[in-house]
Amino acid sequence: MKSYRIVVLPGDGIGPEIVDAALAVLDKIQELAGDFRLSYDFRQAGAAYYLEHGETISEETIEAIRKSDATFKGPVGLPGVRRPDGTEAGVLGGILRIGFDLYANIRPIRLFPKVATPLRDKVPESIDYVIVRENTEGLYASRGRGLVMEQAATDTLLLTRKGCERICRFAFDLALRKAKGAPEDNRRRVTLVEKSNVLRSFYFFREIFAQIAKQYPAVEAENLYVDAAAAALVMKPEHFQVIVTENMFGDILSDLGGATIGGLGMCPSSNVGDERAYFEPIHGSAPDLIGKNRANPLSQILAAGMMLDYLGRKKDAALLDQAIWRALEKDLFRISSGQVEGGAKGVAAALKGELERCYQDRK
Ligand code: IPM
Ligand code: MN
């Protein structure tokens, strides 16, 4: 029996609620698959932890992550919990992404059946792309280092050759690995989103992208300015297969993409480096939804699927995906205005039933 060590960080706000739902689904998958086990190491980190301990995460937890096979993280942070410099104290991105050099932030944007989208006439198959957000540099490299004076403040955008090269390669490899091309024409296509009409740093990124693209003749490569990209994600999302971009642009565009597929509650992500990875929703801890039994856990459950895939449990990941797809198709639960009737528990219960049917059909 193969066993994997998973550090679980339930997080703040709705975190524990949606992580619970995702773990219930993962437990069901282990029972049905029968040939692997996840052993969970639960740890506290985030805004509530900071209030109590004066730090966002402990050294022991960092060490546990270092020794684990993967980390499963809920949303963290609370808007009121800030450091003396005004930035949010509960967030872990800087610590884990930079600390473990998890340079690729993978954010699938995919429209599921019966999920209401504000884009008229879009069917599920027409929105299915992945944003590859560079996760360790860009404007956020300035995190905690900005210069604030009495009458002015500045943060610096940093792009390195190594950083641009590895993220571009990651994007092209992903374009080849993905089951399908862009919905528009089924072509494999990587779009670099940048702003080289204004900033020299982005022209540097663009030239590196062009060099890497030459090594992938089977993939179409194109550039798009970030402002035009924002419009295109609304006007013709079917055009995209893989988007690669700078840290802050990826942060913003992934929320925009999320809004087109039923809200951020539909958006999982992985933070991947050469040796380690963690999996989380792209959204925050939504404190306004605590205790209302309306939180959509699919972001966290889809993140669990990405984790299974990363651990090499490709079939189980695919069956989970199928169960989610079918459950939505059958209206077992309904996502509207970014929330779900029946709450996270209801979704987990419905998915457990659907998973039984999917594993059964597979035989
Ligand atoms: C995200 C989040 C984080 C980020 C915040 C909470 C620091 O918005 O993962 O997209 O900006 O990276
Ligand atoms: Mn964000």
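Trainee: Where is Gln44 placed?

Mentor: Gln44 sits in the loop between β2 (36-42) and α2 (47-53). Helices here are DSSP runs of H or I with at least four residues, strands are runs of E with at least two, and both are numbered from the N terminus. This is a predicted model: local features need pLDDT of at least 70, side-chain atom pairs count only at pLDDT 80 or more, and totals for chains, interfaces and linings use all residues. Residues are numbered from 1 along each chain as its sequence is written, chains are lettered from A and ligands numbered from 1 in the order in which they are written, and side-chain values use heavy atoms, leaving out hydrogens and water.

Trainee: What is the relative accessible area of Gln44?

Mentor: Gln44 has 47%, so it is partly exposed. Buried means under 20% relative accessible area, exposed means over 50%, and partly exposed is in between (1.4 Å probe, protein chains only). From C-alpha to C-alpha, Gln44 is 18 Å from Ala21, and 23 residues separate the two in sequence.

Trainee: Now backbone angles. What is the phi of Lys114?

Mentor: Lys114 has a positive phi of about 65°, although it is not a glycine. Lys114 belongs to the loop between β4 and β5. Lys114 is exposed, at 52% relative accessible area.

Trainee: How do I read the two faces of a strand?

Mentor: In a regular strand, side chains alternate between the two faces of the sheet. Take β3 (residues 70-73), where both faces are covered. Ala70 and Phe72 are on one side, Thr71 and Lys73 are on the other, and all are buried.

Trainee: Parallel or antiparallel: how do β1 and β3 pair?

Mentor: Strand β1 (residues 2-9) pairs with β3 in the parallel sense, over four bridges. Two strands pair if DSSP finds at least two bridges between them. Leu9 stands opposite Lys73 in β3. β3 also runs parallel to β12, joined by two bridges. There, Phe72 stands opposite Phe279 in β12.

Trainee: How do I read empty space?

Mentor: Roll a probe the size of a water molecule over the atoms, and it shows where empty space is left. On a 1 Å grid over the protein atoms alone, a cavity is a set of points where a 1.4 Å probe fits but cannot get out; a pocket is an open set with protein on both sides within 12 Å along at least five of seven lines; lining residues have an atom within 4 Å of a point. Grid points join across faces, edges and corners, and volume is the space filled by probe spheres set on the points. The largest pocket has a volume of about 1300 Å³. It is lined by 41 residues, and Pro108, Arg110, Lys178, Asp309 and Asp321 are the closest to its centre.

Trainee: Which element gives the most to the lining of the largest pocket?

Mentor: α10, with seven residues. Elements supplying at least two residues include β4 (104-110), α5 (161-177) and α9 (298-310). The lining has 28 nonpolar, four polar and nine charged residues. Ala, Val, Leu, Ile, Met, Phe, Trp, Tyr, Cys and Pro count as nonpolar, Asp, Glu, Lys and Arg as charged, and the others, Gly among them, as polar.

Trainee: What is the volume of the second largest pocket?

Mentor: About 800 Å³. Its lining has 32 residues, with Val91, Leu92, Gly93, Arg97 and Arg143 nearest the centre. α4 (93-99) and β12 (277-281) each give two or more residues to that lining, and α4 gives the most, with four. By class, the lining has 13 nonpolar, eight polar and eleven charged residues.

Trainee: How many cavities of 30 Å³ or more does a search find?

Mentor: One, across the whole structure. The largest cavity holds about 40 Å³ of space. Its lining residues include Ile65, Thr71, Phe100 and Arg276.

Trainee: Last, which residues are around ligand 1?

Mentor: Val91, Arg97, Arg107, Arg133, Tyr140, Asp251 and Ile282. Near means that a heavy atom of the residue lies within 4 Å. An oxygen atom of ligand 1 is 2.6 Å from a side-chain N or O atom of Arg97. For Arg107, the distance from a side-chain N or O atom to an oxygen atom of ligand 1 is 2.8 Å. A polar side-chain atom of Asp251 lies 2.9 Å from an oxygen atom of ligand 1.

Terms used. A polar contact is a pair of N or O atoms within 3.5 Å; within protein, one must be able to donate a hydrogen and the other to accept it, and residues adjacent in sequence count only if both atoms are side-chain atoms.
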